[in-house]
Amino acid sequence: MSNLSATLRSAGSAMGLAIAMGLVAFVVFGPLANLVIWAFAEQWFYPNQWPTRWGFEFWGRVFRPRAGAWESLWNSVSIAVATVGLSMALSVPAGYALARLALPARSLIMLIFLLPQAFPSLPIFVNIAAIFYNFGLNGTLFGVVLVHSLPGLVYAVWIATAAFSAVDRSMEEAARNLGAGPLRTFRDITLPQAFPGLMAASIFVFLDSIDEFTGTYFVGAPDIATLPILMFNASMGGNYQIAAITALILLIPSVGFMLVIERFLKADVLSRIGR
Amino acid sequence: MNIRIAFASLLAASALATSVSAQTLNVVTAGDTNMVDYINDYLGPKFEEAHPGVTVRAVGTGPGDGGSQAIFEKINAQKDKGVWDVDVAVVHQRMAGQMVQDGLLANYRDGLATSKLVTRETAENALGVNVSGYVMPMFHSQIAIAYNPDVIATPPQSYEELAKWVKENPGKFGYNGITGGMAGVGFVFGWMYAFSDMADEIRNGPWVDGAADKWTPALASLRDFNQSVVMTPGNAGTLDAMNRGEIAMGPVWMDMFYTWVADGRLNPNLKLMILSPGMPGQPMYYAVPAKAAQADLAKEFIAFATSPAVQAEGIVRRFNWFPGIDPQNVKSELTDAEWNRLFADVAPETLAERGWSMPQAKYFAAILEAYEKNVAK
Amino acid sequence: MTATTSADARQTPPDPVPGSASRRLSGMLPGLLLVAPALTAIGLLYAAPLVRSLVTAFVGADGTFTFANLEKALEFYGADILFSILVTLASLALIAATSIAIAGYLTLGQSRWAVPLLRWMYRWPLFIPFIVAGQTARSFLARNGMLNTLLADAGVLDAAAAQSLLDWRGLVLTFAWKQVPFVTLLLAGAMASLDRSTIEAARNLGASRLRCLFEIVLPQVRPQLFVALVLSLVTLLSVLSVPVMLISGNPTMMTAMMAHRVTYYGDYAVANALGLFSYLLTAAAAWAYLRMSLKEKANP
């Protein structure tokens, strides 16, 4: 008897668990499914609950030569690559110094690199745009790269610092003892070991730049259209299909990197972030 | 390695920027996405066909006065430079006036082949500012009320009836306030025409100091009205809310309405009407900035865009706007059925009687500020 | 995505450099040289605009010091400031509750299929841009959107009584959807590194999993939870796209009104005055956090 009730109870809790997991799945994936439906709905108006015509018509519209989707895609990718380049060029030396070299007021410097994440960024972007007007940087790709590098730099410095402090020093010392110069030691020993962490930092910076909207909106628009700007305009113009299609394109790098990031962001680096 | 990537991409970026060669015509337009679509899908390709080697690049700056403000800031930021990167600006009335006053626009119209075809009053006067010579109307458009006759058999015909109707049917009427595009702004102006007792001064001037103080009752009733309506996100948002059955009535641009119906994006049973005493309409203007890099090409572009054939095919037939040049020149290029489609729901007489202009520039700004101060908060 | 600050961040002291002060300084030269470019970039891209935003908020049209911008911001957008505070607080509450539930289950759950499944599922929104979240929420939560349609199909909801959730509720739900994975990630990470023996001991003594979570696990990861929430607060106060896409009319989030002030009127003064309020809000949160952690250090 007690056996039966225990079985029943465990069956009941398994059932409850299954329902709970179903709810989580609905909350996570329902909105995404909604996006997919909109991307393929050709005709959908009240009182119809579901689209009355399906098809690829709007995909053709998004990618027609003059629509600007290709240009936005190209802009987004080239801006993101340049942002990664600029942020890493600045943060690899900084990260190395913060992790390995003697510095005055090191914790203050670390704090300075955290500040941009500690206060709302919108007023900063608004004022960057106002300052950039004086230098003719508004509406240029370089201006947008600079704006994207601000959050990029923050991630990059923190992760790079952690990556360099996780490097095994005894191997470096061994290399130096064998007569390798400091630069060669850095290139052959330090850099390869820190590489996964630096790669993870680059991925974060890349994703952040691809998804960035607010800074681009104030500094780049209307001349520089990235995918998020294109999507925003389509959405505000009531072109839900076009917005949904653009959104799906934006999701490709995000989801792709989410699946591989763990390979690069190892636990030993993760645990050193912020130190 | 990363430095190399950075350099390479910076080089690529600057190469891209300079490859925009001497034969590119930069058309910067305010307004909803249909403005960019018009240039990208219709006008640009046609113009390029007639001018080999020319590329028309269309840039949209967003709906409503915010879009025109962006064009102003873009040009104003380059004020001291020798050449500006905007060849043709498509702007709203208020900004056209301000830009003429600030000396940012060229007086280009007299040499234009199509300048004789313009008869609209708005080509000379933009909300109280003399703009004669500086602008060509691209089209004229009118704000109207869209409604679903399946839900509302006999819609209210005036602002007064509407106010009463909304009280009895809360949540059925929707508009986009004043931050999301001109359809909502125009609806608010119509409200002021109806209830401020100053309709004539607001539209024709002169400016009276302290006018805003007299609007308290009108604004208070609008605030009260807003309690029973649905706020929609933008001009397109109102149409979209109608589409999804969230509201049964709301102010829209007539052209957008017809375009959406033709596109299969809007229930074709919906209808349009204009409230009495009147609702505003407005033109969009073609203007040439004073130091446009391609001024001559810009003039050719505008002459082409205001030719009867383009006005008939592009403006009326494809995008459902009222022509910017004199209708007589356009009508002959269209069949009667095509022309009458513009008046399918709203008869020409009603349009003449209830299609009013926007407020004069100072009143325009004063009403928006008063709305933010008294109604929105 | 700043999976960065851990509250107990300790300092790894740099190798002591022997010698006099001047030799110490010259020893620091290479480090300073390497850090300088990045610091300069932060100075130009962050400090300069920050200073400009603070100054502009207090300068009138005639170039003199004034409180008029702040007054106008309060008079015009006081309701929006209040709305922003309430929405962020509600969002943070929902985020905290959901994240604790998910992270707690990931740590204490025993199901061999549900734990990995949940671990795989909860992360998805983490890398989805806010603007995409806003777009999908806009059609998902509308009155005749997919959520209500499905609820009506399932017979849970009367279609005629369906409501649009595109108001403060939509904001809270969208913000939570986007930020829960971030907070959960930090929280679950912190929980995973706890000493399991106390938990096992308590379980063996018959404590329920719920009690374990609230009495043993949660108190130990409180600092991480608060850091994650403060970072989320900053993020929520920075997002422009979601309120613009979801909320029509007023009140709305401060960010939307800052952008409105700039794009419609070119009015940087009032926009920066509003910005000042958002700084104050995060500063208050940071202060509350510091006070809490100091108190905890005082009486552990």
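In helix 16 of chain B, the buried residues are A361(B), Y363(B), F364(B), I367(B), L368(B), A370(B), Y371(B), E372(B), V375(B) and A376(B). Keep in mind that this is a predicted model.

What packs over those buried positions?

Now for chain B as a whole. It's built from 16 helices and 13 strands, and 55% of its 377 residues count as buried. If you take the contacts in chain B between residues at least 6 apart in sequence, 77% of them join residues at least 24 apart. Here are the dimensions of the chain:

| Property of chain B | Value |
|---|---|
| Box filled by C-alpha atoms, along the principal axes | roughly 65 × 50 × 50 Å |
| Radius of gyration | 21 Å |
| Radius of gyration of a compact globule with 377 residues | near 21 Å |

Next, the nonpolar core. The largest one has 296 residues, and V90(B) and A287(B) touch the most other members. The largest share of this core, 17 residues, comes from helix 6 (residues 141-165) of chain A. Leaving aside residues up to four places away in sequence, A287(B) touches A89(B), V91(B), A96(B), M99(B), L105(B), Y134(B) and V135(B).

A293(B) sits in the loop between strand 11 (279-287) and helix 11 (295-305) of chain B. Is A293(B) buried or partly exposed? It has 17 C-beta neighbours inside 10 Å, so it counts as partly exposed; being buried would take 20 or more. With residues up to four places away in sequence left out, A293(B) touches V83(B), W84(B), D85(B) and D87(B). A293(B) and D87(B) are 206 residues apart in sequence, yet their C-alpha atoms are 6.3 Å apart in space.

Finally, the meeting of chains A and C: 76 residues of chain A are in contact with 73 residues of chain C. On the chain A side, helix 1 (residues 2-40) gives the most, with 11 residues. That side divides into 58 nonpolar, 14 polar and four charged residues.

Terms used: Residues are numbered from 1 along each chain as its sequence is written. Chains are lettered from A and ligands numbered from 1 in the order in which they are written. This is a predicted model: local features need pLDDT of at least 70, side-chain atom pairs count only at pLDDT 80 or more; totals for chains, interfaces and linings use all residues. Two residues are in contact if their C-beta atoms, placed from the backbone, lie within 7 Å. Helices (H or I, at least four residues) and strands (E, at least two) are DSSP runs, numbered from the N terminus. Ala, Val, Leu, Ile, Met, Phe, Trp, Tyr, Cys and Pro count as nonpolar, Asp, Glu, Lys and Arg as charged, and the others, Gly among them, as polar. The radius of gyration is taken over C-alpha atoms; the globule rule is 2.2 Å times the number of residues to the power 0.38. A residue is buried if 20 or more other C-beta atoms lie within 10 Å of its own, exposed if 12 or fewer, and partly exposed in between; C-beta atoms are placed from the backbone. A nonpolar core is a set of buried Ala, Val, Leu, Ile, Met, Phe, Trp, Tyr and Cys residues joined through C-beta atoms within 7 Å.
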